[in-house]
Amino acid sequence: MFDSGVSFESFPAIGNDVSESRPTMFSDLAPSVIRQRTLKSAISCTGVGLHSGCKMTMTLRPAAANTGILFRRIDIAGDGSVIPALWSNVSDTRLNTSVSGAKGASVHTIEHLMAALAGMGIDNAIIDINGPEVPVMDGSAAPFLFLIECAGIVEQQAPRQAIKILKRVVTKDGDKRAMLTPGRSFSLRVEIDFPMDAIGRQECFLPMNSAAFKAEVSRARTFGFEQEVAAMHAAGLGKGGSLDNAVVIASGGEKVLNEGGLRYVDEFVRHKTLDAVGDLALAGAPILGHFHGVRCGHALNNRLLRDLFSDRTAWTMVELGNQQTTAPAMFSAPQRLAVAASA
Ligand SMILES: [Zn+2]
């Protein structure tokens, strides 16, 4: 477990909102205008898609200022192959986040790549891909971070714009909840509660900056349950899944099947946080505000953005200064945990 030097005992019970009780976390701000960023050079990788099982090659390319993140299906001819990575283009949220363009072309499982781009502060990039799904790599964002670091990052002339949250927006679905509240920087608090001993209740607070993202959540892998594999395959999902790209919880729920164990003792909530970073990156610009997710997933994260943008009084665009915070990330000690971490 990470020792941030901050006691986690101060967190209230699951589901309680503490977003407005943290102003002192952001006292270290030094506003100054910052510029948009893109990749210095193009870089490629090849891998299998988690759900399609297809082998695909993907190339991350630099893009002009104000382009945003664009997917381009290079196996499809014409301008219908271009799909902006935006919340309004999300077309499927079943165990992944997919986007579709106006003419029907889709790219699936974009969330870990989107998280890596957001985590590294990349505003503009074109993602060429020769098939329908982003390669899953090892199931985390770390391989994409590595690609971005290898390609290099350059600043552009245009200042970075951000979406400033002006009032609380809450989206609910049964006992699941996702919320955005005003804040002077982007931070996330995610809570999960699974009945299996291998997961239990876990909680994470992440101040969103590149160093925290890289150290605390980028290596957390996607996860699934052994007893759900057959149903996933029947639904046409998870065909490329394996112990090389996902943590699999055994049928009894008390242990993981992966030989190496977990990368973080609370890898599950860290992955849910990574997913939220990726899903919220589909806002189209960095968020200035606090996200709080309780048992949230791709569907709820996207609904939250739809609810946000449907209320014109809930947000405004601002030129982003240096609002990153050095507040430490915090994690709960997972409860009812029966699996020892491998590292
Ligand atoms: Zn994920």
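**Exercise 1.** At roughly what angle do the axes of helix H5 (residues 267-280) and helix H6 (residues 298-309) cross? Describe the contact between the two helices.

*Solution.* The model is predicted. Start with the geometry: the axes of H5 and H6 come within 10 Å and cross at roughly 35°. Next, the hand: the crossing in which H5 passes H6 is right-handed. Then list the residues that make the contact. H5 supplies Asp 275, Ala 276, Asp 279 and Leu 280, while H6 supplies His 298, Asn 301, Asn 302 and Leu 305. Sorted by type, the residues of this contact are three nonpolar, three polar and two charged.

**Exercise 2.** How many residues does the largest nonpolar core have, and which of them have the most contacts inside it?

*Solution.* The core has 86 residues. Those with the most contacts inside it are Met 114, Ala 116, Leu 117, Ala 125, Ile 148 and Val 277. Domain 1 (19-34 + 161-331) and domain 2 (36-159) each contribute at least three residues to this core. For Ala 125, the residues touched, not counting those up to four places away in sequence, include Leu 39, Leu 60, Ile 69 and Leu 117.

**Exercise 3.** Asn 66 and Leu 95 have a positive phi. Where is each placed, and is each buried or exposed?

*Solution.* Recall first that most residues other than glycine have a negative phi. Asn 66 has a phi of about 70° and lies in the loop between strand S3 (55-62) and strand S4 (69-73). With 11 other C-beta atoms within 10 Å, Asn 66 is exposed, because the cut-off for exposed is 12 or fewer. Leu 95 has a phi of about 60° and sits in the loop between strand S6 (90-92) and strand S7 (98-100). Leu 95 has 20 C-beta neighbours inside 10 Å and so counts as buried.

Methods: Residues are numbered from 1 along each chain as its sequence is written. This is a predicted model: local features need pLDDT of at least 70, side-chain atom pairs count only at pLDDT 80 or more; totals for chains, interfaces and linings use all residues. Axes are lines fitted to C-alpha atoms, for helices over the stretch in contact, and angles run from 0 to 180 degrees between N-to-C directions. Helices (H or I, at least four residues) and strands (E, at least two) are DSSP runs, numbered from the N terminus. A crossing is left-handed if the near helix is turned anticlockwise from the far one by less than a right angle, and right-handed if clockwise. Two residues are in contact if their C-beta atoms, placed from the backbone, lie within 7 Å. Ala, Val, Leu, Ile, Met, Phe, Trp, Tyr, Cys and Pro count as nonpolar, Asp, Glu, Lys and Arg as charged, and the others, Gly among them, as polar. A nonpolar core is a set of buried Ala, Val, Leu, Ile, Met, Phe, Trp, Tyr and Cys residues joined through C-beta atoms within 7 Å. Domain bounds come from an automatic or database domain assignment.
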